[in-house]
Amino acid sequence: MEPVKFDLVALNLNTIMPMLITLGGALFILIIDLFKKLDKQFYVTVSMATMLLAIYAIFQINSAGRGFFDVMLVDGVAVISQLIILGASVLFMPLALTGFRFREFKFAEYFAFFLFMIAGFQFMVSTDNLILIFLGLETGSLALYALIAMHNRQKSLESALKYFTMGAFAAGLFAFGSMIFYGITGSVEIGQMKTVIEGNNFSNMPLILLGTAFMIAALGFKLSIVPFHTWTPDVYEGASAPLAGYMSIVPKIAGFVVALRFFDFLAMADDGVVQTLLWIAAVATMTIGNILALVQDGVKRMLAYSSVSHAGFVMTAILMGTTQAHVGMFLYWTLFLFTNLGAFAMLWISRHPSKQFDIRYDHPFTKFSGMVKINPVAAVMMAIFMLSLAGIPPFAVYWGKLYLIGAAINSDHLYLALIMAINSAIAVYYYLKLVVFMFLKDPSQNDGTIYNMNGTFPLRLVLIVAAVFVIASIATIEPLSAFIQTHVVASGF
Amino acid sequence: MENLLYTALFAPLVGSIFAGVLGGRSKMMIAGLVPSILLLVSLAASLVLLGHVLSTGTAVAVTMFDWINIGNFNVAFGFQVDQVTAVMICVVTVVSAMVHIYSIGYMDHDKGFNRFFSYLSLFVFSMMFLVMSDNFLGLFVGWEGVGVCSYLLVGFWYHKRSASWAANEAFIMNRVADLGMLLGIALIYWQLGTVKYDEVFANVDKLDMTVLLWITGLLFVGAMGKSAQFPLHTWLADAMEGPTPVSALIHAATMVTAGVYLVVRANELYAPVPEVGYFIACLGAFVAMFAASMALVNRDMKRIIAYSTLSQLGYMFVAAGLGAYWVALFHLMTHAFFKALLFLGAGNVMHAMHDELDPFKMGGLRKAMKGTFILMTLASVALAGIWPLAGFFSKDLILEVAFVEHHFILYTVLLLTAGLTAFYSFRLVALIFHGEERYKLFGIHPHEAYRFMLIAMSPLAILAVIAGFGFKGDYFAMVTQMLPATEYHVHSPVVYWTMVFGTQIFVGLAIAYAYIKYVKVKAFDPAIESNFFYKLLINQYYIPALYEKFITVPYAKLSRFAWKQIDQRIVDAIVDLIATSIYKLGEVSKRMHTGNLSTMLRLMTLGFVIVLVIALALQMMAK
């Protein structure tokens, strides 16, 4: 056996630099905390700096490829998804600078956990090694459970516990799935698996399908694919609004990247079994997510179910397997990021730490009755986010929907395209329901400040950035899709 | 020349926009003056264009920009002024300009003064567009524009129920006919791949006879609607609900003549299918007689004139149908002058009589309204076709055409109709201007119209006098450069002079009879009401009643049925059902989400099993 060579150049440290930076930032916060208790402003600043530095490091990776004993795989997809993860995090972080004091922000650990979580997801997307994926996934998830629980309401604790239990179950499924694939192919790297499985022409199909079922269940849990989505509304409701918005984006893009790497070659198999499975899952997810969102009374729960539906919508990109679809997937998610985070931030800005608006919900639809009369600016802002989520031109998500439905048509998935269109139509109903409440009903209270009582300058800034992006998205589509296109094509998807 | 063409075409549009901007305000003199001046500009440009076409014999053509480019369907926004168009635009602008000036006085006290001029100029613009377009599609745009404007103007006093009803009737009936027209144009495009006149006419011989029959038939359906030919004629008389200057415009310049223009314009399509032409001629002769008969008994001054237009359009279609396109166009021109004059005169009378329309309640107005009396008498003489006024030249020509072409039945019908025309025209003149002053019973004090209104009418009067003998030669030389130059001569001089004098004497007798019968009338004689023919005629042969009974009422029932039974019971119900069932589905699946962790875990396991089962099942099926 040859001794392991430690060649620093061959390690290609660039590939791991962004994660090292986030991890370093997290450790720095923990160490500082040992010596001196500092204000949350400080932690926010450090976290922001760390994340911006990590983004910078991502742009420094000019030679895409493998590193760290070939465990790391930093290709175009990894770059885009890391940018989406960090971008969402940068937008999320200022939301901690609320007007009211919330308990979680008192702890330095909150910020450390947050950075650990990001690092976990970064690892998850920058490798095709199932073990590292697993590690990244669990690092990110464990940190996330803690973040949810730190919101320190009974509901938060409950939902964190539920999420944790189910997450553990999903982790088990993932491990089983990995095991089966390792058994078939003798490798834990997706690239190798692909070579082996395609090499012997999908001969072990039943076993492959067993493994695939495990993987679908495991990743389906992360992506809240029906029927593994049951945690979503409870957990979103338990988590603070920005964290819920964050959860609807970041862990999911990480999950999508893994799903893309894993299912892409399986879905393209000749018999089309996996493709059909994914088809059913995607259609079920977008449809059931939609019809459940229809009947919700709380805006947050509605948004939770609707983000399930959005995930189903984007799932279709994986089964289509064309470059256009993959570009559409990242494009959609980028546009969705700004819109959804904006919508959740709108809820956050109206939150009170202890008082709940009504017994059952923080944000029932009735809370927004006649909002335009008492707080027109906020109402218009909220309406813009809702219209964008509903996919109404020229707002952001419309372009994503257009791109994906176009991809479906171009790849001859006509029924899928039709179902996507019908679902988009159904979705308009519940998004506009909120708009109707805000614009056409009479106010339920006189005090307009209730809608931004938690507001501070950083929160407003985040909202403005999100709103401007949503409105001006028409101008960004061209360069954005071109950027994504080059990266996706470069990594062979 | 191009700029002149644009000026002639777009000046009315500018006027319309100008008045339209002021539309919401109360009366402003400038809103009437500017469109009128712009229309005079348009008139001047049209006359220069006419001069150009006359002197050089070449058409002015422009392509403004590409209009439609879809696949290999290309239509440019093109306009042209050739011999036929030159005649049309001059007629249209002369009549319209005079009507505009007249309207400044006529609409003096109306609240919608500004709005009126906006519509009026738009009407003219649409008609100019119609006649100047160099392709069928542009013609269709103008055609529809004319339809819309007629709707706006007939229903100008929209607060009157009858006015809005008449506006709808005019619009809907034209819409029915326009469908035929549109189908005809589509057929042309389908067969020849173009809608441009030159290209279409150059390729007529490539068309199958049956197809050509369909094309000409369908186009004529469109013409029937616009020119109010039987059975689509009822709207024209009802359109009298609009302000009187509008009637003058519709009847003389901007609307009903469009149908005749279409047939003349498309003469090269009609030439190879004489059977269609013969049908058009027969229908025209029938309408001429039919409309004249209704005019005999009517007690509404404006309706009488309207029926007379219908009748004269019939004459034009006889000429066009028999291939004498230049004659048809000539009658169109002369008729435009004296009919506009007649209507404007009627407008004066209406104003004087406080909107009273029943001539039996007038009488002896010649003392109070000398100018109007002279002008209207002149117009009536021209209409009756007495030498040397305009009507004689054009109408006699049509009679000669029928005679020379050996259509003696048509000839007889038209000759009789000429007598009827003279009779009802002078029945009207006698009742309005002669005899006892019956209006005094109603306490009306008539007054003459503004002087400038009479001045605006005088050019029309001059044209009604001289258009026949003055223009015929030049006109013939010019339009026959593009229309078939058939001259219709009765070979035997004896027959010819007998015909001419015979007709004149016949018409003269009819006039004399009308005078004798109606000068001394004291009031309307109710005894006649029980007469069968009177009842038939006054009820317009019961055609409106038949339409009501067999078309309108059943259609309304059908619509109600479609609404109540099909739309509400079936379509709406299905839509609602889909919505509620989706919603219910949501309520049901909500129960899946109890928030109970054990249930959730079980569901996950179940999900895994389902995925596996489906996967294996699919695998089996794939094998």
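Is A:Ser81 buried or exposed, and what is its relative accessible area? A:Ser81 is buried, with a relative accessible area of 0%; buried means under 20% relative accessible area, exposed over 50%, and partly exposed in between, with a 1.4 Å probe and protein chains only.

The model is a predicted one, in which local features need pLDDT of at least 70 and side-chain atom pairs count only at pLDDT 80 or more, while totals for chains, interfaces and linings use all residues. Residues are numbered from 1 along each chain as its sequence is written, chains are lettered from A and ligands numbered from 1 in the order in which they are written, and side-chain values use heavy atoms, with hydrogens and water left out.

**The two chains**

Chain A has 21 helices and two strands, and chain B has 23 helices and two strands. Helices (H or I, at least four residues) and strands (E, at least two) are DSSP runs, numbered from the N terminus. Of the 493 residues in chain A, 64% are buried; for the 623 residues of chain B the figure is 57%. Contact means heavy atoms within 4.5 Å. In chain A, residues 24 or more positions apart account for 82% of the contacts with a separation of 6 or more, and in chain B the corresponding value is 82%.

A:Ser81 itself sits in helix α4 (residues 76-92) of chain A. Leaving aside residues up to four places away in sequence, A:Ser81 touches A:Val125, A:Ile253, A:Val257 and A:Phe330.

**The interface**

The size of an interface is often given as the accessible area lost when the parts come together. Here chain A and chain B bury about 2,800 Å² between them, 82% of it on carbon and sulfur atoms; buried area is the accessible area (1.4 Å probe) that two parts lose on being put together, summed over both. On the chain A side, α7 (154-185), α9 (205-223), α10 (231-238), α13 (273-294) and α19 (414-440) each supply at least two residues that touch chain B. The largest share of that side, nine residues, comes from α9(A). By class, the side of chain A that touches chain B has 26 nonpolar, five polar and five charged residues. In this classification Ala, Val, Leu, Ile, Met, Phe, Trp, Tyr, Cys and Pro count as nonpolar, Asp, Glu, Lys and Arg as charged, and the others, Gly among them, as polar.

The contact takes 36 residues from chain A and 26 residues from chain B. Across the interface the rule finds zero salt bridges, a salt bridge being a side-chain nitrogen of Lys or Arg within 4 Å of a carboxyl oxygen of Asp or Glu.

**Salt bridges**

Over all chains the structure holds 18 salt bridges. Three of them are listed here.

| Pair | N to O distance |
|---|---|
| A:Arg261 and A:Asp75 | 3.0 Å |
| B:Glu144 and B:Arg175 | 2.5 Å |
| B:Lys196 and B:Asp198 | 3.8 Å |

A:Arg261 lies in helix α12 (residues 250-267) of chain A and A:Asp75 in the loop between β2 (72-74) and α4, so this pair ties together parts that are 186 residues apart in sequence. A:Arg261 is buried at 6% relative accessible area, and A:Asp75 counts as buried at 9%. In chain B, B:Glu144 belongs to helix α5 (residues 136-154) and B:Arg175 to helix α6 (residues 161-192), so the pair ties together parts that are 31 residues apart in sequence. B:Arg175 is partly exposed, with a relative accessible area of 27%. B:Lys196 is partly exposed at 29%, and B:Asp198 counts as partly exposed at 43%. A network of salt bridges links A:Glu158, A:Lys162, A:Asp234, A:Glu237 and A:Arg301.

**Aromatic pairs**

The count comes to 68 aromatic pairs over all chains. Rings of Phe, Tyr and Trp (its six-membered ring) pair if their centres lie within 6.5 Å; planes under 30 degrees apart count as stacked, over 60 as edge-to-face and the rest as tilted. B:Phe77 and B:Phe79 form an edge-to-face pair, 6.0 Å centre to centre with 70° between the planes, and both residues are buried. B:Tyr450 and B:Phe452 form a stacked pair, 5.6 Å centre to centre with 10° between the planes. B:Tyr450 is partly exposed at 38% relative accessibility, as is B:Phe452 at 33%.
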